[in-house]
Amino acid sequence: MLGANFWALNPPPMTGKSNDMTKHPVEPDPDAPLTDAEFERDHAAMLARRARAATGLSQRDFAERYGIPVSSLRDWEQGRRLPDSAAQSYLRVIARLPEDVARVLHAAA
C-alpha cells in the first residue's frame, strides 16, 4: 500500500480530460426573477390555456371552432411560440365570450 505522501510527490499524469469533480453544472436559481422574455412567454401560454379552458374543448376542436391552426395553438400553450398581439387580443375575447365569438364566426361563414 502506498502512503499519502507518494501521491503528493508523484501525482498521476494529466490526460487532457477535465476533472468531473471540479465542474458542476450550475442549476438555475428558482428564486431569481423571470426575464422579460420568460414572463411574456409564460403570460402568452396562460392566455391560450385560459381561452381554451373557457370552452372546455380539446385543442383540435378549439382550433377548428375559432379558425386557429392547431399547431399554433399547441405552440402557444406550451410556450414554444408567442402569439402576436392580434392573436393575444383574440384569445382574450374568446376567454370572456366564447359562445358569442363562435356564433359570430359561424354566422359570418
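A residue is called buried when its relative accessible area is under 20%, exposed when over 50%, and partly exposed in between (1.4 Å probe, protein chains only). At 45% relative accessibility, Glu99 therefore counts as partly exposed.

The structure is a predicted model, in which local features need pLDDT of at least 70 and side-chain atom pairs count only at pLDDT 80 or more, while totals for chains, interfaces and linings use all residues. Residues are numbered from 1 along each chain as its sequence is written, and side-chain values use heavy atoms, with hydrogens and water left out.

**Helix H5**

Helices are DSSP runs (H or I, at least four residues), numbered from the N terminus. Helix H5 comprises twelve residues, 85–96. From its first C-alpha to its last it reaches 17 Å, close to the 16 Å expected at 1.5 Å a residue; the expected span is 1.5 Å times one less than the number of residues.

The buried residues of H5 are Ala87, Gln88, Leu91 and Ile94. They lie on the same side of H5 because they cover an arc of only 120° around the axis, the arc being that of the directions from the helix axis to the C-beta atoms. An α-helix has 3.6 residues a turn, so residues three or four places apart point the same way. On the face turned away from the buried side, H5 carries the exposed residues Ser85, Ala86 and Arg96. Among the elements that cover the buried residues of H5 are helices H2 (36–55), H3 (59–66), H4 (70–77) and H6 (98–108), where contact means heavy atoms within 4.5 Å.

**Salt bridges**

Side chains of opposite charge can pair when their charged atoms come close. A salt bridge is a side-chain nitrogen of Lys or Arg within 4 Å of a carboxyl oxygen of Asp or Glu. By this rule the count comes to five salt bridges, including those in the table.

| Pair | N to O distance |
|---|---|
| Arg52 and Glu77 | 2.6 Å |
| Arg65 and Glu99 | 3.4 Å |
| Asp100 and Arg103 | 2.2 Å |

Arg52 in helix H2 and Glu77 in helix H4 are 25 residues apart, and their pair links distant parts of the chain. Arg52 is partly exposed at 21%, whereas Glu77 is buried at 7% relative accessible area.

Arg65 lies in helix H3 and Glu99 in helix H6, so this pair ties together parts that are 34 residues apart in sequence. Arg65 is partly exposed, with a relative accessible area of 32%.

Asp100 and Arg103 are separated by about one helical turn, because they are three residues apart in helix H6. Asp100 counts as partly exposed at 33% relative accessibility, and Arg103 as exposed at 51%.

Finally, Asp75, Arg80 and Arg81 are linked in a network of salt bridges.

How values were computed
Helix = DSSP H or I, 4+ residues; strand = E, 2+ residues; numbered from the N terminus.
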